[in-house]
Amino acid sequence: MNGKKRILTALNPGQADQVPLYIHGINEAPIIGIGQQITQGLPQVTDFRKMKDTEKFKVLDTLFLIHETFDVDGFTAFEIGHESPVDDQHVKDEFGVVYALSDFGLPVAKGHPVKEVSDLEKYEPPNPDPGHLVLLNLARDRFKGDKALFWLMRGSFVRCWRLMGMENMMIKMFDDPQFVHDVAAMVLEYNLAQLDLLVGEGLDVLVIEDDIADKNFPLIAPDQFLEFVNPYNRQIVEAAHAKGLKVVRHSDGNLWPLMDILLDTGYDGLNPLEPQAGMALDRVKDYCGDQLCLLGNIDCVDLLPNGTPQQVDATVKKAIQDAGQGGGLIICSSNSLHPGVAPDNCIAMFEATRKYGRYPTP
Amino acid sequence: MIFSQISARLQNGDPKEMAHLIGQAFDQGATPEQVLNQGLIAGMDRVGQKFQTGEIYIPHMLLAARAMHGALDILKPLLAETGNGPAGRVVLGTVQGDHHDIGKNLVSTMLEGKGFEVIDVGIDAPPQTFVKAVDEGVQIVAMSALLSTTAPFIGDTIEALDKAGLRKTLKIMVGGGAVSQEFSDEIGADAYGGDAATAAVLAMDLVGKGA
């Protein structure tokens with residue numbers, strides 16, 4: 001069974017020959033840190049946007065090499081080339097959202113172009129650009145159907161709050177709900193058009209990346225989620241299913257208050273299942289492991305940055321024991337492999353998945 | 001009765017009705033301090049409790065905060081005339097490298113809801129920014145980090161406060177997605193707030209005014 005078949009079987013949710021392995025997201029630093037153990041000539045760690053073209057190609061090639069060397073079953077592609085520099089510290093995306101760059105994590109949206117109805121009236125939404133799918137194209141050509149191809153699509157909540165500003169959007173849910181719906185409808189149109197492009201490029205799994213919770217609670221009330229967010233994401237899920245794709249829902253945080261809504265929406269998988277947010281793997285498996293596949297839960301907040309490879313090995317083994325029975329489990333970290341994770345611990349996670357993941361599992 | 005109405009309106013986030021009720025309270029002989037303590041602070045306490053139990057969510061807190069700020073605009077000049085100071089003074093910010101602010105803003109709201117004066121140094125604040133913001137009367141420095149990569153700057157900031165000779169007179173409060181009680185203990189903070197409402201309660205304890 002190859003990686004693609006393994007992933008698609010697990011997302012059914014079913015049991016493959018072994019528990020699949022997946023990298024949801026990975027920053028420059030861990031690509032280079034892990035890469036230094038398997039190749040040479042890597043650049044110094046810096047923001048991908050600031051690298052020379054030759055360095056970018058080397059980093060992307062190393063990312064592919066990591067997937068090949070450690071037998072990672074799925075590859076996550078995302079937009080490249082959709083941002084333009086504003087200054088040394090800021091970039092703007094195709095929607096006109098301005099982000100502050102940071103050496104410590106992902107860019108943070110700080111400039112919001114659609115704060116009021118008057119902004120929306122003047123706003124020209126972008127059209128999805130096939131040129132931004134270059135990473136998906138490269139991965140498809142590189143892996144030739146051997147690995148499942150995932151795509152990170154920003155969901156309705158994240159796209160909307162980046163356009164409107166998060167606090168502004170939350171207040172507008174009370175003051176001007178139609179405005180929030182109008183922005184969400186505009187975002188949906190973009191996402192559905194991008195989905196058409198992705199299907200044409202050979203995508204296997206759509207990841208709706210739409211962080212909606214912190215470690216304590218969802219960011220908005222369940223009734224607000226039902227009114228302003230989920231109907232729009234549901235339309236993406238239904239469109240993707242109609243085109244033969246699997247759909248994974250990604251959200252940080254404690255999703256328990258929204259769990260029944262998410263299950264009803266028809267997702268094939270749930271990621272990243274943060275242990276610090278109460279998303280204990282055995283509890284989620286008991287609750288809904290027969291309905292969707294679980295992807296994640298290997299702690300990237302404390303374990304992967306500060307633990308030992310032996311501790312990582314034991315954690316992966318326990319995750320497989322807790323949730324591997326009958327399939328429907330894909331091992332990956334509890335969020336992106338960020339600049340703080342230790343490369344040796346990432347490798348320990350990869351190796352432990354193979355060590356303990358063959359069915360029948362321990 | 002009028003105070004419970006002010007508290008209820010604040011919880012519902014109704015700024016227009018709030019101004020009307022405060023006027024009514026004054027007509028009935030209430031002092032600005034009574035309106036603040038028995039109306040607004042009591043209301044924000046209830047908002048905090050509801051948030052901690054998942055009865056309300058961040059949007060409802062923002063709505064209550066907007067109502068509270070509207071009410072404080074009315075009350076602050078009157079409170080200044082009476083010479084009563086705030087419950088305490090807090091320097092608050094998100095540490096260096098970290099651009100996340102919604103959690104910090106919620107903490108600011110809940111601290112103000114307890115009667116604190118908040119000196120907000122913003123996001124991506126280097127240690128020296130916190131040090132410079134500490135002036136006479138500041139009792140607490142509160143720091144937030146959402147990223148595990150930026151959380152170490154909390155420790156750096158504590159060290160900078162120590163080198164500036166300020167640590168002994170200050171209480172340090174920490175929070176944010178990348179912070180835990182264990183982390184707080186390791187770096188020698190005085191309190192860890194798991195959410196904004198808890199942070200405000202702990203701040204009262206730190207200045208000796210807790211329940």
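Two bridges connect strand E10 of chain A to strand E11 of chain A, and the two strands run parallel. One residue pair that can be named here is Leu294(A) with Leu329(A), the latter being the bridge partner in E11(A). This and everything that follows describes a predicted model.

The E10–E11 pairing belongs to an open sheet of chain A, in which seven strands follow the order E1-E6-E7-E8-E9-E10-E11 with parallel pairing. The edges of this sheet are formed by strand E1 (74–77) and strand E11 (329–330) of chain A, each of which pairs on one side only. In general, strands of a sheet pair through backbone hydrogen bonds, in either a parallel or an antiparallel manner.

**The two chains**

Chain A contains 14 helices and 11 strands, whereas the secondary structure of chain B amounts to nine helices and five strands. Read from the N terminus, the elements of chain B follow the order α-α-α-α-β-α-β-α-β-α-β-α-β-α.

| Chain | Box filled by C-alpha atoms |
|---|---|
| Chain A | roughly 60 × 45 × 40 Å |
| Chain B | roughly 50 × 35 × 30 Å |

For chain A, with 362 residues, a compact globule would have a radius of gyration near 21 Å, and the 20 Å of the chain agrees with that expectation. For chain B, with 211 residues, the corresponding globule would have a radius of gyration near 17 Å, and the chain, at 17 Å, agrees as well. Buried residues account for 49% of the 362 residues in chain A, and for 52% of the 211 residues in chain B. As for contacts between residues at least 6 apart in sequence, 73% of those in chain A join residues at least 24 apart, while in chain B 75% of such contacts join residues at least 24 apart.

**Backbone features in the loops of chain A**

One joins Asn12(A) and Pro13(A), with omega at about -5°, and Pro13(A) is located in the loop between helix H1 (3–10) and helix H2 (28–35) of chain A. Another joins Asn271(A) and Pro272(A), with omega at about 10°, and Pro272(A) is placed in the loop between strand E9 (269–271) and helix H11 (281–288) of chain A.

The loop between E9 and H11 of chain A also holds Leu273(A), a residue that has a positive phi of about 60° although it is not a glycine. Is Leu273(A) buried or exposed? Leu273(A) is buried, because 27 other C-beta atoms lie within 10 Å, and the cut-off for that class is 20 or more.

**Packing of two helices in chain A**

Helix H6 (residues 156–164) and helix H7 (residues 166–175) of chain A pack against each other at an angle of about 105°, and their axes are 7 Å apart. That angle makes H6(A) roughly perpendicular to H7(A), because angles of 65 to 115 degrees are counted in that class. On the side of H6(A), the contact is made by Cys160(A), Trp161(A) and Met164(A), and on the side of H7(A) by Met166(A), Asn168(A), Met169(A) and Lys172(A). By residue class, this contact of H6(A) with H7(A) divides into five nonpolar residues, one polar and one charged.

**The contact between the chains**

How many residues does each chain bring to the contact? Chain B supplies 19 residues and chain A supplies 28 residues. Within the side of chain B that touches chain A, helix H4 (residues 58–82) of chain B gives the most, with four residues. The residues on this side of chain B comprise eight nonpolar, nine polar and two charged. The description of the contact here is given in residues, although the size of an interface is often stated as the accessible area lost when the parts come together.

Key
Residues are numbered from 1 along each chain as its sequence is written. Chains are lettered from A and ligands numbered from 1 in the order in which they are written. This is a predicted model: local features need pLDDT of at least 70, side-chain atom pairs count only at pLDDT 80 or more; totals for chains, interfaces and linings use all residues. Two residues are in contact if their C-beta atoms, placed from the backbone, lie within 7 Å. Ala, Val, Leu, Ile, Met, Phe, Trp, Tyr, Cys and Pro count as nonpolar, Asp, Glu, Lys and Arg as charged, and the others, Gly among them, as polar. Axes are lines fitted to C-alpha atoms, for helices over the stretch in contact, and angles run from 0 to 180 degrees between N-to-C directions. Angles under 35 degrees count as roughly parallel, over 145 as roughly antiparallel, 65 to 115 as roughly perpendicular and the rest as oblique. A residue is buried if 20 or more other C-beta atoms lie within 10 Å of its own, exposed if 12 or fewer, and partly exposed in between; C-beta atoms are placed from the backbone. Two strands pair if DSSP finds at least two bridges between them. The radius of gyration is taken over C-alpha atoms; the globule rule is 2.2 Å times the number of residues to the power 0.38.
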